[in-house]
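Let's take a walk through this protein together. Have a look at the chain first, and then we'll go through its parts.

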Amino acid sequence: MGDLVTMDDLSDDEITQILDEAERLVPVAEGRVSLPLLEGKVLANMFFENSTRTRMSFETAMKRLGGEVLNFSSVGTSVSKGETLYDTMQMIDGYADVAAIRHPKQGAAQYSADSVNIPILNAGDGSGNHPTQTMLDLFTIRQAQDKIENLRVILVGDLRYGRTVHSLSHALTRFGSSLVLVSPPSLRMPSEIVTDLRNSGCEILETENFKEQLVSADVIYMTRIQKERFPDDDEYSKVAGIYKLTSSDLTNVKENLIVMHPLPRVDEIDSSVDKTKHSRYFQQAFNGVPTRMALLCRSLGVSVPKKVK
Ligand code: CP
């Protein structure tokens, strides 16, 4: 109850409700309106793997709503003395009201949710899932396209290890989008995910090139080739830098095509794209704040007012 480990934990109606709530919370996220809905509540930010956006936007979200944050990282804690995830989470169960957990091992968020009483929000588990990212991605798409249904979305890059695209592809399928999956052969979306998406009715094209797909797309979602997930450097060097979107690729595209990226980027989006009307990745990163506010409220059973002012 209150956990968010994969997108399967949310019904379509709940997704829509959370996006509506996040929209109402934007003035609070921007610091223009005070709304201490989570006063007296404590969030534990449990990051066993590096993060800038997810950790900080969770912290901003909690603080903007009047709550407190405990920041944990595997450096400087008893993890370095060999304390297990199970034992660590038992402590957090007593110290906090809700926890966001990022961990390099797939399944760590579900394991944590099964081990404690407080609600667990999966902030990224290895190559598994990243559902709070998906919620802010859907928020960003809706903001730009006025809908999340029946879009044509290109996902580019590391589709094998990329947890953002694993969660997002499932959510987009539920809302009737068609997907173009662009990757080198070694980084294709896992076949079980592709089969699952196709069985759910998703029209999928798998290809190695994205440029000829741009003309019909509503969204292009670039991702980083994640060096840290490769078993060896040689395999990484074969595909590093394989995709690069530049502003000159955006001359013959739909007026309202948006370019997204969960960030951090390395070289897959040229800085010339930043100034175009199509770029949304910095807005997307900000959208983590209102979206995670709404998700924290859901986990803690706190209602977001119908009118926020
Ligand atoms: N998008 C995302 O998960 O970014 P961080 O790794 O910086 O949290």
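Domain 1 and domain 2 bury about 2500 Å² between them, and 54% of that sits on carbon and sulfur atoms. Buried area here is the accessible area (1.4 Å probe) that two parts lose on being put together, summed over both. Met7, Leu19 and Asn287 supply 28% of the area that domain 1 buries against domain 2, more than any other three residues.

Before going on, a word on the model: it is predicted, so local features need pLDDT of at least 70 and side-chain atom pairs count only at pLDDT 80 or more, while totals for chains, interfaces and linings use all residues. Residues are numbered from 1 along each chain as its sequence is written, and side-chain values use heavy atoms, with hydrogens and water left out.

So where do the domains run? Domain 1 covers 7-129 + 286-299 and domain 2 covers 131-284, with bounds that come from an automatic or database domain assignment. Their C-alpha centres lie 24 Å apart. The contact (heavy atoms within 4.5 Å) takes 33 residues from domain 1 and 26 residues from domain 2.

Now for the charges. Side chains of opposite charge can pair when their charged atoms come close. A salt bridge is a side-chain nitrogen of Lys or Arg within 4 Å of a carboxyl oxygen of Asp or Glu. The structure holds 19 salt bridges, and the rule finds five across the interface of domain 1 and domain 2. Here are two from the structure:

| Salt bridge | N to O distance |
|---|---|
| Arg174 and Asp12 | 2.8 Å |
| Glu59 and Arg55 | 3.8 Å |

Glu59 and Arg55 are separated by about one helical turn because they are four residues apart in helix 3 (residues 53-64). Helices (H or I, at least four residues) and strands (E, at least two) are DSSP runs, numbered from the N terminus.

Next, a pair of helices. Helix 7 (residues 163-174) and helix 8 (residues 191-199) pack at an angle of about 10°, their axes 10 Å apart. That makes helix 7 roughly parallel to helix 8, a label for angles under 35 degrees. On the helix 7 side, His166, Ser169, His170 and Thr173 meet Ile193, Asp196 and Leu197 of helix 8.

Most residues other than glycine have a negative phi, and most peptide bonds are trans. The bond from Leu263 to Pro264 is cis, with omega near 5°, and Pro264 sits in the loop between strand 9 (258-260) and helix 10 (281-299). Asn150 has a positive phi, near 55°, in the loop between helix 6 (131-145) and strand 5 (152-156).

Technical notes: Axes fitted to C-alpha atoms, helices over the stretch in contact; angles between N-to-C directions. Parallel < 35°, antiparallel > 145°, perpendicular 65-115°, else oblique.
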